[in-house]
Amino acid sequence: MLSVDIEKQLGDFKLEASFTSDGLVTGLFGNSGAGKTSIINMIAGLTAPDRGHISLDNDVLDDHASGVHVPPHRRRIGYVFQDARLFPHLSVRQNLDYGRRMNGFAHDVAAEKRTIDLLDIGHLSNRRPAQLSGGERQRVALGRALLAKPRLLLLDEPLGSLDEERKAEILPYLIRLRDEASVPMVFVSHDPAEMRRLATNVVILKRGKVVAFGGTDVLPAVL
Amino acid sequence: MSAISPEEWTAILLSLRVAAIATLVATPLGIAVAWLLARFDFWGKAALDAMIYLPLVLPPVVTGYLLLLTFGRKGLVGAWLADTLGIVFAFRWTGAALACGVMSFPLLVRPIRLSIEAVDRRLEQAASTLGAAPWRVFLTVTLPLALPGILAGMVLGFAKAIGEFGATITFVSNIPGETQTISAAIYSLTQTPDGDSAALRLVIVSIAIAMVALIASEILARRATARLHGY
């Protein structure tokens, strides 16, 4: 169960968002500038709210009143960025292994193989990020986040930087991830069609405020 | 022009040793200072920044004299180091290394600082979400990505240290076999009748060392950049 109740001043507008979700995929939906990325940056711990509270499965991550702010590296929350952010000086294999090394986990060969097969990235192991296509980069970023064994996976417009064809290539992987990897996700998008296919719960944001919350039926109709 | 004499070899090897030690000791400190300046705003930052660049703009004789006052046998720090740790800088080759390290520090720090500033903070954020504590982010992401700048700073610092003259001769004098570096030896030879051919030999050696250092730095930086970007 993810619980978010935060306030943060962002330039000329104030983000005031409050929602709880125990859905498999919580969709944060809204136009650019609605505050979606700011919210998941706070869930990840990359920034702290001005006021409020964030908790995951009764584990308090942020609590302004008691001065709690768990740093990102202790949250076990995975993050797939819109721009992938693979480490350019490491091979795909080393990128995938990074979270395991940093957390001091033992190798789990079966789980690693499962994730790598799920995302079809086994043949890319020895390449460098510069030698990957946009879609491949995004799949490796997904694998890298998953192999750090997160309790929650944040996806910030993971399809946003891709053209239509690549989007169609990645979306099925995300759906497989939802159905097979059993890691709860928060998925940020401004595309109602993507939302409808992936999300189980939807939070609609408008200029920093939650204007609707519910199933995918709260999404605007696709024209 | 005849071959290089044993005395000249002594000065050449001493210069190389002094510059190498100065660079190796100054590099970790330079990385730490560059990182502080690149990544943090703190009280006194402008003063620290100015202090590092001071040796670049002060007359070298002033820097050397200040070192003598501070690290000489009667200097505040020098006396303490000699009494407690037995480390003596005055009129020793270690003092020459200290003078070279101080004089080359601004040239060493600048490329490192620029390369750390150029490292994408978003990659560091990504590392932290994967479970890397801040010091591991620094070691596994920031430092390797700043490597070309670190190499460039080291070579530049080394080349400056090889050529240092004013501060060194003021601080530790010009003692053959102990503190007489190539520059000091050339200076002595120009003051000696019939010293011209020996001076010229050392001039050629110092030009050769500088050229090799610059070419090596160019090659290293290119390789490091290529490796980092995976081409």
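**View 1. Buried residues of helix α11 of chain B.** Ala198(B), Leu202(B), Ser206(B), Ser217(B) and Ala224(B) are the buried residues of α11(B). Buried means that 20 or more other C-beta atoms, placed from the backbone, lie within 10 Å of the residue's own. Helices (H or I, at least four residues) and strands (E, at least two) are DSSP runs, numbered from the N terminus. Among the elements that cover these residues of α11(B) are α1 (6-39), α8 (147-163) and α10 (182-190) of chain B. The model is predicted: local features need pLDDT of at least 70, side-chain atom pairs count only at pLDDT 80 or more, and totals for chains, interfaces and linings use all residues. Residues are numbered from 1 along each chain as its sequence is written, and chains are lettered from A and ligands numbered from 1 in the order in which they are written.

**View 2. The span of α11(B).** The end C-alpha atoms of α11(B) are 50 Å apart, which agrees with the 50 Å that its 34 residues should span at 1.5 Å a residue. The expected span is 1.5 Å times one less than the number of residues.

**View 3. Strand β7 (residues 77-80) of chain A.** Ile77(A) and Tyr79(A) on one side of β7(A), and Gly78(A) and Val80(A) on the other, are all buried. β7(A) pairs with β8 (residues 152-156) of chain A in the parallel sense, over four bridges; pairing requires at least two DSSP bridges between the strands. Leu154(A) in β8(A) is the bridge partner of Tyr79(A).

**View 4. Contacts between chains A and B.** Here 19 residues of chain B are in contact with 22 residues of chain A, contact meaning C-beta atoms, placed from the backbone, within 7 Å. α6(B) gives the most to the chain B side, with six residues.

Methods
A residue is buried if 20 or more other C-beta atoms lie within 10 Å of its own, exposed if 12 or fewer, and partly exposed in between; C-beta atoms are placed from the backbone. Two residues are in contact if their C-beta atoms, placed from the backbone, lie within 7 Å.
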